[in-house]
Amino acid sequence: MRQSVKGLHLNFVFVPNIGLSGFVSLLLGAYVPWLVGLTREDSRRLFPYFKKHIYDLLQESGYLHIQGTKPDTVGCGLNISPVGLAAYILEKFSTWTDKAFRNLDNGGLERKYSLDELLTNVMIYWVSSSIVSSVRFYKESFAQNPASAPDARISVYVPTGIAAFPEELTHTPRSWAKKKFKNIVTYSYMPRGGHFAAFEEPELLAQDIRQFVRKVEHL
């Protein structure tokens, strides 16, 4: 695989098992980040940890539970209601772009996207009747413990680039990401953007990918 894959660029990294060192960094990172492998920017994005990575995730992960357990319940209803489908999908484009948008009357949808762009996304699911299969993917993925899946036990050694966007659902410091990705050649703290980086900030993401490719080409 290492001979076939020249590099891997990611803008969302989740490491389920951060180990003892990660736990220690959670205890001390807000006070002395440099002693536990964190940068000041890591500390700013991680803490207060309960607020940013527990409370906020609980508010945003209801979809995950129902899609991972009863996907057809929600999927069949969405498949016959264009308004319901739009509401279900567009809610994510609000809070996953910027959690502060949750408090706006219109969800801040047009601050980063046009209504035509958003409707195009919804129509892909509507005209293809694919919302049921798309949400069922979560139940299929959770059929076994994700932490015990074969890929979860295998480290990645190909050159890896990570673009860490500030409004992403969770922040994974480089020191945590290295537990899975053993050859990180670029790690960028992006100045703005959230979960839908390629849609929201295409030029920023493309610039980071180009920077990563240039480094990999010289390895």
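Colleague: What does Arg-102 count as, by relative accessibility?

Modeller: Arg-102 counts as partly exposed, at 31% relative accessibility. Here are the cut-offs: buried is under 20% relative accessible area, exposed is over 50%, and partly exposed lies in between (1.4 Å probe, protein chains only). Before we go on, this is a predicted model, where local features need pLDDT of at least 70 and side-chain atom pairs count only at pLDDT 80 or more, while totals for chains, interfaces and linings use all residues. Residues are numbered from 1 along each chain as its sequence is written, and side-chain values use heavy atoms, with hydrogens and water left out.

Colleague: Which side chain meets that of Arg-102 in a salt bridge?

Modeller: First the rule. A salt bridge is a side-chain nitrogen of Lys or Arg within 4 Å of a carboxyl oxygen of Asp or Glu. Here the side chain of Arg-102 meets that of Glu-60, at 2.6 Å from N to O. The pair links distant parts of the chain, 42 residues apart: Arg-102 is in the loop between H6 and helix H7 (115–128), and Glu-60 is in helix H3. Helices are DSSP runs of H or I with at least four residues, strands are runs of E with at least two, and each is numbered from the N terminus. Glu-60 counts as buried, at 6% relative accessibility.

Colleague: How many salt bridges are found in the whole structure?

Modeller: The search finds 10. Lys-112, Arg-192, Glu-200 and Glu-201 are linked in a network of them.

Colleague: How far apart in helix H2 are Arg-44 and Glu-41?

Modeller: An α-helix has 3.6 residues a turn, so residues three or four places apart point the same way. Arg-44 and Glu-41 are 3 residues apart in H2 (residues 40–46), about one helical turn. Their salt bridge has its closest N and O atoms 2.6 Å apart. Arg-45 forms a salt bridge with Glu-41 too, at 2.8 Å from N to O. That pair is 4 residues apart in H2, again about one turn.

Colleague: Which residues are buried in helix H4?

Modeller: In H4 (residues 62–69), they are Tyr-63, Gln-67 and Gly-68. They cover an arc of only 120° around the axis (taken from the directions from the helix axis to the C-beta atoms), so they sit on the same side of H4. What covers them includes H3 (49–60), H5 (71–78), H6 (82–95) and H8 (131–141).

Colleague: What is the strand order in the sheet?

Modeller: Strands of a sheet pair through backbone hydrogen bonds, either parallel or antiparallel. Two strands pair if DSSP finds at least two bridges between them. This open sheet of 3 strands runs E1-E2-E3, with parallel pairing. E1 (8–10) and E3 (184–189) are the edges: each has a single partner strand, so one side of each lacks a neighbour in the sheet. E1 and E2 (residues 160–164) pair over 3 bridges. In that pair, His-9 stands opposite Gly-161 in E2.

Colleague: Where is His-195 placed?

Modeller: His-195 is in the loop between E3 and helix H10 (197–200). A polar contact is a pair of N or O atoms within 3.5 Å; within protein, one must be able to donate a hydrogen and the other to accept it, and residues adjacent in sequence count only if both atoms are side-chain atoms. The side chain of His-195 makes one with the side chain of Glu-168, at 2.7 Å. His-195 is partly exposed, at 21%.

Methods: Contact means heavy atoms within 4.5 Å.
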